[in-house]
Amino acid sequence: MEALEAATVKALTRLQHIHCISQSSHPDNAQLHAELNGFVDGLDALRRTKVGADVTVPTALITDFLDQQISPDEFMPALTHRHVDAAQKERGRGAALHNLADALQRQAAGAAFLREQTSRAAVDSAHVE
C-alpha cells in the first residue's frame, strides 16, 4: 500500500510541475515534454503498483466530487450525512407503519365489537318473538 501511495504522490507532483510550466508566461517546451513523459511513466508505474493492491474507489467519489471539482476530503462527511438522513427517513416510515398497524387493529377490534353487538341483538330479538 505504501508503494501505491508513493507512486500516487509522485504522479501528482509531476502533474503540479506540468501545471506550473504550462502557466508560465514563457513555457519551456523541452521541460514540458520531459515532465509529460515522466508523468506518463509515473502513471504506468502507478498502474503496475495497483495490480498488487486491492483498491476500490466508489463511483460516487469520482462522479459527484472529483468530476465536480469538489475536494475528496468532503466525500466521507457528505456520505455520512446522506446515510444519517436516509436512516432518519426510514425510522419515520417505520413509526408511521407502526401507527397505521395500531389504527387498523383498533378499527378491526371496533368492527368485531360491532358484529358481536349486532349478533347479540339479533339473538335477543329472535328470543323475544
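Ser 24 is located in the loop that joins α1 and α2, where helices (H or I, at least four residues) and strands (E, at least two) are DSSP runs numbered from the N terminus. The model is predicted, and local features therefore need pLDDT of at least 70, side-chain atom pairs count only at pLDDT 80 or more, and totals for chains, interfaces and linings use all residues. Residues are numbered from 1 along each chain as its sequence is written, and side-chain values use heavy atoms, with hydrogens and water left out. With a relative accessible area of 34%, Ser 24 is partly exposed; buried means under 20% relative accessible area, exposed over 50%, and partly exposed in between (1.4 Å probe, protein chains only). The side chain of Ser 24 comes to 3.2 Å from the backbone nitrogen of His 26.

The protein chain contains four helices and zero strands, and its pattern along the sequence reads α-α-α-α. The mean pLDDT, the predictor's confidence in each residue from 0 to 100, is 81 for the protein chain, and 88% of the residues score at least 70. Confidence is highest in α1, at 85, and lowest in helix α3 (residues 59–66), at a mean of 79.

A nonpolar core is defined as a set of buried Ala, Val, Leu, Ile, Met, Phe, Trp, Tyr and Cys residues joined through side-chain atoms within 4.5 Å. The five members of this core are Ala 11, Ile 18, Ile 21, Leu 32 and Phe 39, and the largest share, three residues, comes from α1. When residues up to four places away in sequence are not counted, Leu 32 touches Ile 18 and Ile 21, a contact being heavy atoms within 4.5 Å. In soluble globular proteins, nonpolar side chains tend to be buried together.

Two salt bridges were counted, a salt bridge being a side-chain nitrogen of Lys or Arg within 4 Å of a carboxyl oxygen of Asp or Glu. One pairs Glu 35 with Arg 14, with the closest N and O atoms 3.4 Å apart. Because Glu 35 belongs to helix α2 (residues 29–51) and Arg 14 to helix α1 (residues 2–23), this pair ties together parts that are 21 residues apart in sequence. Glu 35 is buried, at 13% relative accessibility, whereas Arg 14 is partly exposed, at 27%. The other salt bridge joins the side chains of Arg 93 and Glu 90, at 2.4 Å from N to O. Arg 93 and Glu 90 are three residues apart in helix α4 (residues 75–128), and about one helical turn therefore separates them. Both are partly exposed, with relative accessible areas of 48% for Arg 93 and 46% for Glu 90.

The loop between α3 and α4 includes Gln 69. The phi of Gln 69 is near 60 degrees, a positive value in a residue other than glycine. Most residues other than glycine have a negative phi. Gln 69 is exposed, at 77% relative accessibility.

Among contacts with a separation of 6 or more, 40% link residues 24 or more positions apart. The accessible surface of the protein chain amounts to about 10400 Å², and carbon and sulfur atoms account for 59% of it; accessible areas come from the Shrake-Rupley method with a 1.4 Å probe, and for residues only the protein chains shown count as cover.

Note on methods:
Polar contact = N/O pair within 3.5 Å; in protein donor to acceptor, adjacent residues only side chain to side chain.
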